[in-house]
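Reader: I have a structure open here and would like to go through it step by step. Could we begin with a single residue and work outwards?
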Amino acid sequence: MTVQVDIDIAKCTGCTHCKDVCPTNVFELRPRDQVPDVVDDPAVGAKFQFRGEKSLAINGPECIVCEACLFECEGECILITDEEQHVHRSSYK
Ligand code: SF4
Ligand code: SF4
């Protein structure tokens, strides 16, 4: 089993924090028009501004579960399932 990194894309604001802190380059920011079925969660939009990109976890198996991204994700939309099938959720600072 490898580590799985999932993003609830509707909650992703495109803040880039995940990409900035990840030591193993799990994340890539893509323009919204290149992300299929892109929508925005209004509850997150009430607190934060949606930018022009969405984050994709393109290298999920490279995750070392340092949890840095989980505390920096303003959309609280990252969910990591480790090799023992334990689930780690975002909680913004
Ligand atoms: S928990 Fe994984 S995806 Fe998140 S910053 Fe650390 S290595 Fe990157
Ligand atoms: S930190 Fe969270 S909200 Fe910000 S770009 Fe990454 S997944 Fe999206």
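Predicted model: local features only at pLDDT ≥ 70, side-chain atom pairs only at ≥ 80, totals over all residues.

Reader: Where is F50 found?
Author: F50 belongs to the loop between α2 and β3, the latter spanning 53-57.

Reader: Is F50 buried, partly exposed or exposed, and why?
Author: F50 counts as partly exposed, because 19 C-beta neighbours lie inside 10 Å. A residue is called buried at 20 or more such neighbours.

Reader: And how far is F50 from C77?
Author: Their C-alpha atoms are separated by 13 Å, and the two residues are 27 residues apart along the chain.

Reader: You mentioned D40. Which residues is D40 in contact with?
Author: Leaving out neighbours within four places in sequence, D40 is in contact with A10, G45 and F50. D40 itself sits in the loop between β2 (27-31) and α2 (42-45).

Reader: What is the exposure of D40?
Author: D40 is partly exposed, with 17 other C-beta atoms within 10 Å. In space, the C-alpha atoms of D40 and C12 are 7.7 Å apart, although 28 residues separate them in sequence.

Reader: Let us step back. How many helices and strands does the protein have?
Author: The secondary structure comprises three helices and five strands. Along the sequence they follow the pattern β-α-β-α-β-α-β-β.

Reader: Which strands make up the open sheet, and in what order?
Author: The open sheet has three strands in the order β1-β4-β5, and the pairing is antiparallel. β1 (4-7) and β5 (87-89) stand at the edges with a single partner strand each, so one side of each has no neighbour in the sheet. From one strand to the next, the twist averages 20°.

Reader: How many bridges join β1 and β4?
Author: Four bridges join β1 to β4 (residues 78-81), in the antiparallel sense. Within this pairing, Q4 stands opposite T81, while I7 stands opposite I78.

Reader: Which residues of β1 are on its covered face, and which on its uncovered face?
Author: V5 and I7 make up the covered face of β1, whereas Q4 and D6 make up the uncovered one. As a general point, side chains in a regular strand alternate between the two faces of the sheet.

Reader: Now the ligands. Which residues come nearest to ligand 1?
Author: There are 14 residues around ligand 1, and those that come nearest are C22, V26, C63, C66 and C69. By class, that shell has twelve nonpolar residues, one polar and one charged.

Reader: And which are closest to ligand 2?
Author: The closest are C12, C15, C18, C73 and G75, out of 15 residues that surround ligand 2.

Reader: What classes of residue does the shell around ligand 2 have?
Author: The shell around ligand 2 has seven nonpolar, six polar and two charged residues.

Reader: What about K93?
Author: K93 is not a glycine either, yet has a positive phi of about 35°. K93 is found in the segment after β5. With 6 C-beta neighbours inside 10 Å, K93 counts as exposed.

Reader: Finally, the overall form. What radius of gyration does the protein have, and what would a compact globule have?
Author: The protein has a radius of gyration of 12 Å, which agrees with the value near 12 Å for a compact globule of 93 residues. Taken along the principal axes, the C-alpha atoms fill a box of roughly 35 × 25 × 20 Å.

Reader: What percentage of the residues count as buried?
Author: Of the 93 residues, 25% count as buried.

Reader: And what share of the contacts comes from residues 24 or more positions apart?
Author: Such residues account for 69% of the contacts in the protein with a separation of 6 or more.

Definitions and conventions. Residues numbered from 1 in each chain as written. Chains lettered and ligands numbered in written order. Near = placed C-beta within 6 Å. Nonpolar A, V, L, I, M, F, W, Y, C, P; charged D, E, K, R; others polar. Pairing = 2+ DSSP bridges. Helix = DSSP H or I, 4+ residues; strand = E, 2+ residues; numbered from the N terminus. Axes fitted to C-alpha atoms, helices over the stretch in contact; angles between N-to-C directions. Rg over C-alpha atoms; globule rule 2.2 N^0.38 Å. Buried ≥ 20, exposed ≤ 12 C-beta atoms within 10 Å, placed from the backbone. Contact = placed C-beta atoms within 7 Å.
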